[in-house]
Amino acid sequence: MLSTQSARGYSTLPRRAAILTSSQSQTGMISLTQQVNAVRLDTHKSDTFEQNDLVLDNSGAVLSGSRDALIRRLVPTRDFCPDEAYIFSLLVNIRTFISPHELMQKIVQYCMFAQNADSHNFAKEGRGRMFAHILRLCSEWATNIPYDFKTEYMRTRLNELLRLCAVDKTYQQKTTDLQATLRSSLNKLDRYEKAVANLQKALSENTTLPEQSDSMTGLFLMCNDAKTVAQQLTHIEMERFSMVGVDEIVQSLASDPLSEIGRHSKNKEGVISSISFYIEWFNRLSAFAAIEVLKQTKKRNRVAVFEFMIDIAKECCEIGNFNSMMAIVAGLSLPAVSRLKKTWCRVEKSKLEILQHQLDPSGNFLSYRATIKAAQWRADSARGNQPKIVIPFFVLLLKDLFLIYHGHPRILPNAHLNFMAFNQLAEQLRDVIQWKSTICTFEKNPQVLQYLLITAVSGEKDSMLMSFECEPPESSSEREQHKKLRGGK
């Protein structure tokens with residue numbers, strides 16, 4: 001494979017935080033645009049350009065290349081194996097141009113050709129080096145993108161690949177260990193999808209509307225410790241976040257508009273996608289926070305629950321669970337709650353103002369981005385049993401990834417695939433993998449978990465009716481709205 005020598009001098013993309021600040025994002029986009037334009041000019045004027053060329057910088061890093069050239073560079077040999085960054089970047093991005101099944105078939109074929117091309121490959125040392133390189137490729141794929149191996153075909157091809165050079169018990173054990181890790185990931189996914197189906201069935205069958213009461217009711221009565229509730233929310237968040245595959249994210253970025261990323265997709269068995277289920281959880285938690293307040297017909301109880309929900313959101317922020325924090329604050333900002341003026345005047349507003357500051361969209365959510373950056377630094381610096389959890393505001397994460405994915409052409413005018421753009425997306429997804437792989441070690445409270453998961457919530461109409469029961473309509477527009485809502489019952 002040839003490289004265009006005129007491409008020397010280009011710099012590779014710098015490392016970025018997974019959640020970009022507005023200024024960082026603009027700088028990164030300009031930098032990448034300049035590099036893309038340079039590659040475009042060079043490949044247009046090159047007399048030596050061929051379909052299988054790779055464009056490299058002066059350090060040997062890939063900038064662009066044809067699909068087949070990029071795939072061939074992925075293939076390990078006795079004397080060569082790409083680094084993990086290249087393997088992950090290509091595996092996670094190339095799926096929008098070739099299916100994992102087709103890619104695996106090509107890799108198996110190329111590896112067999114490479115193995116048979118040189119008699120030294122059949123000596124013990126040669127086979128050992130070849131196996132180590134193949135294992136690196138397979139480990140990166142099966143560990144970070146395990147859902148590609150849900151089909152029997154992919155698992156069979158993986159076994160063929162690993163058996164090419166396994167020459168002794170040590171190598172065979174490494175193969176067995178990798179296969180066991182993969183089976184564990186796939187079994188976990190299977191259990192999760194069954195649990196999702198059962199939970200959705202239970203929620204759909206629960207048609208009971210939330211009931212209001214003069215006496216204290218709801219979560220506050222069950223557990224009035226905000227930290228405990230925040231820890232249970234973190235268990236739920238980590239379970240859902242951890243099951244979102246980077247393959248699913250990339251496919252959604254490629255096929256869905258920004259407003260619909262992953263929201264309505266289902267797998268072949270009719271199970272809702274992990275992205276869609278996670279977004280549904282955010283919406284449910286927002287509604288839950290509002291309903292917990294609206295259940296209380298007495299003002300002092302509403303104030304107590306309102307401040308309790310604020311404390312829960314604050315504890316979530318302290319943990320690093322920003323998705324739950326954002327959901328709760330969004331719920332307390334819904335019209336059915338925000339109109340309760342007599343309740344609001346009794347609430348300690350300083351607490352809520354701090355959290356609403358995090359939800360402020362100005363400066364491309366500048367306040368939130370600064371907070372999560374600090375949380376990421378804390379997690380990276382954590383030692384021993386110190387907290388390492390970072391759960392991002394998921395909808396905003398998807399928006400950032402969408403802008404990165406669509407911010408630059410993935411196919412250049414010369415038909416090369418833009419590997420610089422591949423790298424930029426892959427770097428963000430690496431952080432996502434790290435975050436969702438964190439183990440949540442908080443003690444579980446089954447009663448609170450159950451309540452959070454299956455307690456009935458209501459839609460906007462019923463929430464507004466509950467709100468008017470808490471505080472009667474005051475303005476003419478509210479009275480008209482109340483009349484219409486009651487008339488529609």
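## The R339–E478 pair

R339 and E478 are both buried. In this predicted model, their side chains meet in a salt bridge, with N and O 2.9 Å apart. R339 sits in the loop between α14 (335-338) and α15 (341-344), while E478 belongs to helix α22 (residues 476-487), so the pair ties together parts that are 139 residues apart in sequence.

## Salt bridges around D79

A second salt bridge joins the side chains of D79 and R129, at an N to O distance of 2.3 Å. D79 is in the loop between α2 (67-74) and α3 (84-93), and R129 is in helix α5; the pair therefore ties together parts that are 50 residues apart in sequence.

R129 counts as partly exposed because its relative accessibility is 36%, a value that falls between the 20% limit for buried and the 50% limit for exposed. D79 and R129 also belong to a network of salt bridges that includes R78.

R157 and E160 form a salt bridge in which the closest N and O atoms are 2.5 Å apart. Both residues lie in helix α6 (residues 152-163); they are three residues apart, so about one helical turn separates them.

The two partners fall into separate accessibility classes. R157 has a relative accessible area of 17% and is therefore buried, the cut-off being under 20%. E160, with a relative accessible area of 28%, is partly exposed.

The count of salt bridges comes to 13, among them the R157 and E160 pair, the D79 and R129 pair and the R339 and E478 pair.

## Packing of α4 against α5

The axes of α4 (residues 100-116) and α5 (residues 124-144) come within 12 Å and cross at roughly 170°. Angles over 145 degrees count as roughly antiparallel, so α4 and α5 are roughly antiparallel to each other.

On the α4 side, the contact is made by P100, L103, M104, I107, C111, A114 and Q115. On the α5 side, R127, M130, I134, L137 and W141 take part. By class, the residues of this contact divide into 10 nonpolar, one polar and one charged.

Notes
Residues are numbered from 1 along each chain as its sequence is written. This is a predicted model: local features need pLDDT of at least 70, side-chain atom pairs count only at pLDDT 80 or more; totals for chains, interfaces and linings use all residues. Side-chain values use heavy atoms; hydrogens and water are left out. Axes are lines fitted to C-alpha atoms, for helices over the stretch in contact, and angles run from 0 to 180 degrees between N-to-C directions. Helices (H or I, at least four residues) and strands (E, at least two) are DSSP runs, numbered from the N terminus. Angles under 35 degrees count as roughly parallel, over 145 as roughly antiparallel, 65 to 115 as roughly perpendicular and the rest as oblique. Contact means heavy atoms within 4.5 Å. Ala, Val, Leu, Ile, Met, Phe, Trp, Tyr, Cys and Pro count as nonpolar, Asp, Glu, Lys and Arg as charged, and the others, Gly among them, as polar. A salt bridge is a side-chain nitrogen of Lys or Arg within 4 Å of a carboxyl oxygen of Asp or Glu. Buried means under 20% relative accessible area, exposed over 50%, partly exposed in between (1.4 Å probe, protein chains only).
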